[in-house]
Amino acid sequence: MEVVASSEDRNFTYIPKGFDIPSDIDYLYICSNNTIYGTEYKTDIDSPVPLIADMSSNILSRPVDVSKYAMIYGGAQKNLAPAGVTFVIIRNDMLDRVVRPLPTMMNVKTHVENDSMFNTPPVFPIYVLRETLKWMKSIGGMEEMYRRNQEKAALLYAEIDRNSLFRGTVEKEDRSLMNICFVMSEGNEALAPEFLEFAKSKGMVGIKGHRLVGGFRASCYNACPKESVEALVACMQEFEAMHK
Ligand SMILES: *Cc1c(COP(=O)(O)O)cnc(C)c1O
């Protein structure tokens, strides 16, 4: 493996840009949305080599130019359905490019040739996925889903930027619409446990950041309604008022 670009130098708080993609590599892999650090590719990049993306945490959150990718894959459990299903969108010509021996189950071709029923399909998550897709279509498809996700993210980022007790951790232009990461602002770090408790008392759980980042992370996946984001914003405002 060759690392073509990385934002490790600043703790993965931005999306690398302007990097050269060597034309002699077999494929380029990206993670379109970094679930842990809260960064997201806002456009579908051009690649001279097959582009493969893990879209587990932002699949169907915005319109995507699928033709730019050789393969898109992910787990369904964040934006599409309960855990148990995974999805693969693969260009047909990629199916015959397997060069090393693979267990039958691990080869995507197996699943294509068997209509995704090589193993016993988990019918309940697949059923919920179908309902979710129908719902997305009914609200206006990806355009509307994207509009809602942008609206939710804008609400929360605006509060993070306005509220003197908090600050965002990610470069503004690369902020994820899905995983919104923030910490207590400088000098207020010690208030973090109290904020978590306060949020919990308001019924808001699961906003503790990933152990690698600390702080807070609000995961505003497709299923998260605007009302939930508004509740978190109100909670942050109340917490600020308590500490004036
Ligand atoms: C959640 C996530 C995974 C892990 O999915 P599991 O099904 O828990 O293994 C992988 N990649 C990304 C980008 C994720 O967000």
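Guide: In this predicted model, strand S5, residues 71–75, pairs with S6 in the antiparallel sense over five bridges, where strands are DSSP runs of E with at least two residues, helices are runs of H or I with at least four, both numbered from the N terminus, and two strands count as paired if DSSP finds at least two bridges between them. Within this pairing, tyrosine 73 has valine 88 of S6 as its bridge partner. The two strands belong to an open sheet of four, ordered S1-S4-S5-S6, in which the pairing is mixed. Strand S1 (28–31) and strand S6 (86–90) each have a single partner strand and stand at the edges, so one side of each is left without a neighbour in the sheet. On average, neighbouring strands here are turned by 15° against each other, direction ignored; axes are lines fitted to C-alpha atoms, for helices over the stretch in contact, and angles run from 0 to 180 degrees between N-to-C directions.

Another open sheet is formed by three strands in the order S7-S8-S9, with antiparallel pairing. Its edges are strand S7 (166–168) and strand S9 (216–219), each with a single partner strand, so one side of each is left without a neighbour in the sheet. Strand S8, residues 179–184, pairs with S9 in the antiparallel sense over four bridges, and phenylalanine 182 stands opposite phenylalanine 216 in S9. Helix H3, residues 141–162, lies across S7, S8 and S9 and runs at about 10° to S8.

As for the setting of these sheets, the protein has five helices and nine strands, which follow one another from the N terminus as β-β-β-β-β-β-α-α-α-β-β-α-β-α. Among contacts (heavy atoms within 4.5 Å) between residues at least 6 apart in sequence, 54% join residues at least 24 apart. The C-alpha trace spans about 65 × 40 × 30 Å along its principal axes, and 42% of the 244 residues are buried, meaning under 20% relative accessible area with a 1.4 Å probe, protein chains only.

On conventions, residues are numbered from 1 along each chain as its sequence is written, and side-chain values use heavy atoms, with hydrogens and water left out. Since the model is predicted, local features need pLDDT of at least 70 and side-chain atom pairs count only at pLDDT 80 or more, whereas totals for chains, interfaces and linings use all residues.

Technical notes. Buried means under 20% relative accessible area, exposed over 50%, partly exposed in between (1.4 Å probe, protein chains only).
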